[in-house]
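Hi,

Here is the structure I promised to send over. Have a look at it first, and then read on for my notes.

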Amino acid sequence: MSEPIVLLLSGPNLTLLGERSPEIYGHATLADHVATATAAAAAHGLTLEHVQSEAEADLVRAIHGARGRCGAIVINAGALTHYGWSLHDALATFAGPVIELHLSNPEAREPWRRQSVIAPVASGTIAGFGTLGYRLAVEAVADLLAGS
Ligand code: DQA
């Protein structure tokens with residue numbers, strides 16, 4: 001059997017990581033985070049696929065494409081986390097584990113960041129650990145897939 005695929009989804013503005021508010025998001029780039037997740041996945045015999053978009057529709061389509069094909073989804077939806085209800089609905093149709101991921105801790109920031117439309121359809125959330133979160137998210141997925 002081929003290696004299970006983990007789909008890592010990145011939402012709007014995450015391509016600016018490294019330059020964007022480094023005091024909040026750190027100096028690592030999105031490519032650095034994807035490399036961290038890819039290495040963690042490989043260590044567990046998982047294949048990581050990454051899709052980034054500034055557009056909610058593209059992320060919805062990627063979730064549709066993951067149904068029946070990918071074992072798990074890790075999603076940092078950026079600001080769409082807080083209002084992207086079509087992501088919520090798409091993720092609700094996905095059978096495997098879903099990990100909500102954030103570099104920062106939205107709970108400790110502006111009030112509007114405290115609502116997540118992803119959380120109700122996620123197996124769990126990892127937030128506030130910067131790039132370490134990308135490794136932790138893959139570790140969580142590996143554990144959940146091994147137990148399923
Ligand atoms: C983020 C947190 C969101 O509130 C914000 O809009 C982002 C990044 C994070 O990784 O900390 O774009 O998802």
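Let me start at the ligand: one of its oxygen atoms has a backbone N or O atom of Leu 103 at 2.8 Å. Please keep in mind that this is a predicted model.

Ser 104 places a polar side-chain atom 2.6 Å from a ligand oxygen, and His 82 has a side-chain N or O atom 2.7 Å from an oxygen atom of the ligand. How much of the ligand does the protein bury? On its own the ligand exposes 320 Å², and 99% of that is buried by the protein. As for where the ligand sits, the site is the largest cavity.

The residues around the ligand, besides Leu 103, Ser 104 and His 82, include Arg 20, Tyr 25, Asn 76, Gly 78, Ala 79, His 102 and Arg 113. By type, this shell divides into five polar, three nonpolar and two charged residues.

I also looked at Ser 53. This residue belongs to the loop that runs between strand 2 (47-52) and helix 3 (56-66). Is Ser 53 buried or exposed? Its relative accessible area is 6%, and because buried means under 20%, Ser 53 counts as buried. The side chain of Ser 53 has a polar atom 2.9 Å from the backbone nitrogen of Ala 55.

Best wishes

Technical notes:
Residues are numbered from 1 along each chain as its sequence is written. This is a predicted model: local features need pLDDT of at least 70, side-chain atom pairs count only at pLDDT 80 or more; totals for chains, interfaces and linings use all residues. Side-chain values use heavy atoms; hydrogens and water are left out. A residue is near a molecule or strand if one of its heavy atoms lies within 4 Å of it. A polar contact is a pair of N or O atoms within 3.5 Å; within protein, one must be able to donate a hydrogen and the other to accept it, and residues adjacent in sequence count only if both atoms are side-chain atoms. Accessible areas come from the Shrake-Rupley method with a 1.4 Å probe; for residues, only the protein chains shown count as cover. On a 1 Å grid over the protein atoms alone, a cavity is a set of points where a 1.4 Å probe fits but cannot get out, and a pocket is an open set with protein on both sides within 12 Å along at least five of seven lines; lining residues have an atom within 4 Å of a point. A molecule sits in a cavity or pocket if more than half of its atoms lie within 2 Å of its grid points. Ala, Val, Leu, Ile, Met, Phe, Trp, Tyr, Cys and Pro count as nonpolar, Asp, Glu, Lys and Arg as charged, and the others, Gly among them, as polar. Helices (H or I, at least four residues) and strands (E, at least two) are DSSP runs, numbered from the N terminus. Buried means under 20% relative accessible area, exposed over 50%, partly exposed in between (1.4 Å probe, protein chains only).
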